[in-house]
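User: I'd like to go through the charged pairs, the nonpolar cores and the helix packing here. Can we take them in turn?

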Amino acid sequence: MADILVVDAEKDSRKSTNYILHGAGYQINPVEGGREAVSRALLMQSHDRPADLLLTDWHMPEVDGMDMIVAMAYARCLPERVIVLSRDFVSPGKADVFSEKLRALVPKETKFNFLALAKPIPENQLLYAVVHMLEDRVE
């Protein structure tokens with residue numbers, strides 16, 4: 001089953017996401033913040049078990065989701081599939097702006113599929129998004 005790196009500074013949100021995804025049979029690697037996530041991604045990659053999917057909150061203290069993704073891209077440990085959650089994505093166009101800015105900041109050769117979802121996300125929508133992201137071919 002797929003390894004998912006889950007990053008969320010909110011403990012209850014992280015626990016809920018972990019419970020849902022673990023219950024669906026996924027291997028979960030939960031971390032609290034961006035710095036820890038970069039370290040964990042590097043560690044997983046060094047053990048030849050890179051994360052199949054990064055599921056992260058956008059707004060976190062110290063290192064936010066965008067900065068974390070950019071750092072992972074430059075460290076060459078960014079999973080090929082990325083889902084970013086944020087309450088901001090409820091606003092029309094906000095996810096597109098985030099995606100465009102992110103693509104401009106990572107190295108051009110970085111290949112990853114990206115999906116932005118609004119928080120809070122119902123359990124069935126989260127599972128649907130994860131399943132389909134893991135099935136999609138990375139371009």
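User: Is Glu62 buried or exposed?
Analyst: In this predicted model, Glu62 has a relative accessible area of 70%, and because the cut-off for exposed is over 50%, Glu62 counts as exposed.

User: And which residue does Glu62 pair with in a salt bridge?
Analyst: Glu62 forms a salt bridge with Arg35, and the closest N and O atoms of the two are 2.5 Å apart. Arg35 belongs to helix H2 (residues 34-46), whereas Glu62 sits in the loop between strand E3 (53-57) and helix H3 (65-75), so this pair ties together parts that lie 27 residues apart in sequence. Arg35 is exposed as well, with a relative accessible area of 53%.

User: How many salt bridges are there by this rule?
Analyst: The count comes to seven salt bridges, and among them is one between Asp8 and Lys119, whose closest N and O atoms are 3.1 Å apart. Asp8 is in the loop between strand E1 (3-7) and helix H1 (11-23), while Lys119 is in the loop between strand E5 (113-118) and helix H5 (123-135), so the pair links parts separated by 111 residues in sequence.

User: What other salt bridge does Lys119 make?
Analyst: Lys119 also forms a salt bridge with Asp57, with 3.4 Å between the closest N and O atoms. Asp57 lies in strand E3 and Lys119 in the loop between E5 and H5, so here the parts tied together are 62 residues apart in sequence.

User: Switching to the nonpolar side, how many residues are in the largest core?
Analyst: The largest nonpolar core has 30 residues, and Leu54, Met68, Met72 and Leu102 are those with the most contacts inside it. Two or more residues each come from E1, H2, H3, strand E4 (81-86), helix H4 (94-105) and E5, and H3 gives the most, with six residues.

User: What does Leu102 touch, apart from its sequence neighbours?
Analyst: Once neighbours within four places in sequence are left aside, Leu102 is in contact with Met66, Ile69, Val70, Phe112 and Phe114. There is also a second, separate core of 17 residues, which includes Val6, Tyr26, Leu85 and Ala129.

User: Now the helices. How do H2 and H3 cross?
Analyst: The axes of H2 and H3 come within 9 Å and cross at roughly 25°, and the two helices are therefore roughly parallel to each other. H2 passes H3 in a right-handed crossing, and the contact is made by Gly34, Ala37, Val38, Ala41 and Leu42 of H2 together with Met68, Ala71, Met72 and Ala75 of H3.

User: What about H1 and H5, at what angle do they cross?
Analyst: The axes of H1 and H5 cross at roughly 60° and come within 11 Å, so H1 and H5 are oblique to each other. Their crossing is right-handed, and Thr17, Ile20 and Leu21 of H1 make the contact with Glu123, Leu126, Leu127 and Val130 of H5.

Definitions and conventions. Residues numbered from 1 in each chain as written. Predicted model: local features only at pLDDT ≥ 70, side-chain atom pairs only at ≥ 80, totals over all residues. Heavy atoms only, no water. Salt bridge = Lys/Arg side-chain N within 4 Å of Asp/Glu carboxyl O. Helix = DSSP H or I, 4+ residues; strand = E, 2+ residues; numbered from the N terminus. Buried < 20%, exposed > 50% of the residue type's maximum accessible area, 1.4 Å probe, protein only. Core = buried A, V, L, I, M, F, W, Y, C linked by side-chain atoms within 4.5 Å. Contact = heavy atoms within 4.5 Å. Axes fitted to C-alpha atoms, helices over the stretch in contact; angles between N-to-C directions. Parallel < 35°, antiparallel > 145°, perpendicular 65-115°, else oblique. Left-handed = near helix turned anticlockwise from the far one by under 90°.
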